[in-house]
Amino acid sequence: LRPCLRRSRWRRTLSARSSSSKSLHRPMPPTAFACCASSPPGGHLRAVKTLVRSTVKIPPPSHLPHPIESLRRGNWVKLICGASFEDAADVRNLSLVYTLAGVDCIDCAADEPVVNAVNEGIDAAMSISMVNRPWVMISVNDDKEDLHFRKAEFDPEDCPSDCPRPCEKVCPATAILLQRVFEEGELVQNTEWGKLQGGVITERCYGCGRCFPICPYDKIRAITYVRDPSTTTKLLQRSDVDAIEIHTSGRCTDSFSELWNSLGDSLKNVKLVAVSLPNVGESTLPVMNLIYAIMQPYIKCYNLWQLDGRPMSGDIGRGATKEAVDFAVHLAAARNKPHGFYQLAGGTNAFTIKSLKKQGLFQTMTIDGNSLEKRNEDKQARPEQAYIGGIAYGGYARKIVGKILHKMPTQHGHARIEDHPEYLMEAVKEALTLIGPVKGYAELRF
């Protein structure tokens, strides 16, 4: 991917973007985050601390790690920052807000500055209020078929001067910025003369693909890529990376096996291995069992299956969650499911819990595949475990908090949300309305 993004038109795009006084958030270097984390929040954040302490439940001690206890009970929540979303400033603030809301895990791109940003956000949250530290998960892929690992690309100089720019309006990540300029370079906005400059802000694009069909001139292309396994192994050696998620197509296992073998001993450092795959029909369960057979001889930790219903669509509306819930229903009824926890993703939003409850799958417990009502006298059997361990929220979670992040005044293109307590309070309330129903927080009245 990197060489593609260094072509001359990207240099022109980045140059135009940096000269704009209205440029969007750019990633902060890791050193910048370090200095942010070194200054603890002051008394002006007491209201946020009070809200978190009065709302977020810290469960009693368990012999299991707290994220695993959440999976067992069916109230695990994961924040998906985005496998391709690399805007470190936004990732840092999202991680801070959702840590305060009580998520169990934060999933991010397998990119060092992004991992640094997640951990800086978590540290900042924990300096504000006492909450459980979420696990940090990095996302990788075994081939180029997965939609989460692509970027949009186009040359703005190829865009006709009279283009209405629908791509800007449809992008949920505000990752497309187009501006008109004179030939000589003087910036002129909202006119019908001059060339277009700018284009896709690559670190913000997470590959949803909504801009592809809407371009009236068919100018937008997709760049697909595979995360470098050597970079992944280095990240897995860090003490602040707890888990890995492997995205696979669900159609064959050759590429999965190749990636799994390339990760080698680095997998010994993780506490959880997740496999994300779509529902491809009758072959889904056999492929899952083949994947588990590849992992089983070497896996020394917990494992999780992410049921990816309708990728990157949760922010669209009520119907987006249907495919994820249907996937859960399909597997819950199946026999000979592979070992591990199960979690929903892909289209998850504020309607997902209601849909799960309607299907009788929200925090429904099993013992060795049998419902609690049918369990035998053996009280020492395998611990009770929910059919569905929890939910991962991605686009919808980023949308409801992102609208607040983008209201904040910025300095040099980025801002710490804790420096703006009124926005932090608003963002935490939004996060709690999403996380609370899963976690069983008391009814929220803001």
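## Helix α7 on the strands

Helix α7 spans residues 112–128. It lies across two strands, β2 (105–109) and β3 (135–141). Its direction is at about 155° to β2. The model described here is predicted.

## The barrel

Strands β2 and β3 belong to a closed barrel of 8 strands. The order is β1-β2-β3-β8-β9-β10-β11-β15, and the pairing is parallel. From one strand to the next, the twist averages 25°.

Strand β8 covers residues 243–247, and strand β9 covers residues 272–277. The two pair in the parallel sense over 5 bridges. Glu245 has Ala274 of β9 as its bridge partner.

## Helix α16 on the strands

Helix α16 lies across β1 (76–82) and β15 (390–393). It runs at about 145° to β1. Both β1 and β15 are strands of the barrel.

## Helix α15 against α16

Helix α16 (residues 421–439) also packs with helix α15 (residues 395–405). Their axes are 9 Å apart, at an angle of about 160°. Angles over 145 degrees count as roughly antiparallel, so α15 is roughly antiparallel to α16. The crossing of the two helices is right-handed.

From α15, the contact uses Tyr396, Ala397, Ile400, Val401, Lys403 and Ile404. From α16 come Tyr423, Glu426, Ala427, Glu430, Ala431 and Leu434. The residues of this contact divide into 9 nonpolar and 3 charged, with no polar ones.

Terms used: Residues are numbered from 1 along each chain as its sequence is written. This is a predicted model: local features need pLDDT of at least 70, side-chain atom pairs count only at pLDDT 80 or more; totals for chains, interfaces and linings use all residues. Side-chain values use heavy atoms; hydrogens and water are left out. Axes are lines fitted to C-alpha atoms, for helices over the stretch in contact, and angles run from 0 to 180 degrees between N-to-C directions. Helices (H or I, at least four residues) and strands (E, at least two) are DSSP runs, numbered from the N terminus. Angles under 35 degrees count as roughly parallel, over 145 as roughly antiparallel, 65 to 115 as roughly perpendicular and the rest as oblique. A crossing is left-handed if the near helix is turned anticlockwise from the far one by less than a right angle, and right-handed if clockwise. Contact means heavy atoms within 4.5 Å. Ala, Val, Leu, Ile, Met, Phe, Trp, Tyr, Cys and Pro count as nonpolar, Asp, Glu, Lys and Arg as charged, and the others, Gly among them, as polar. Two strands pair if DSSP finds at least two bridges between them.
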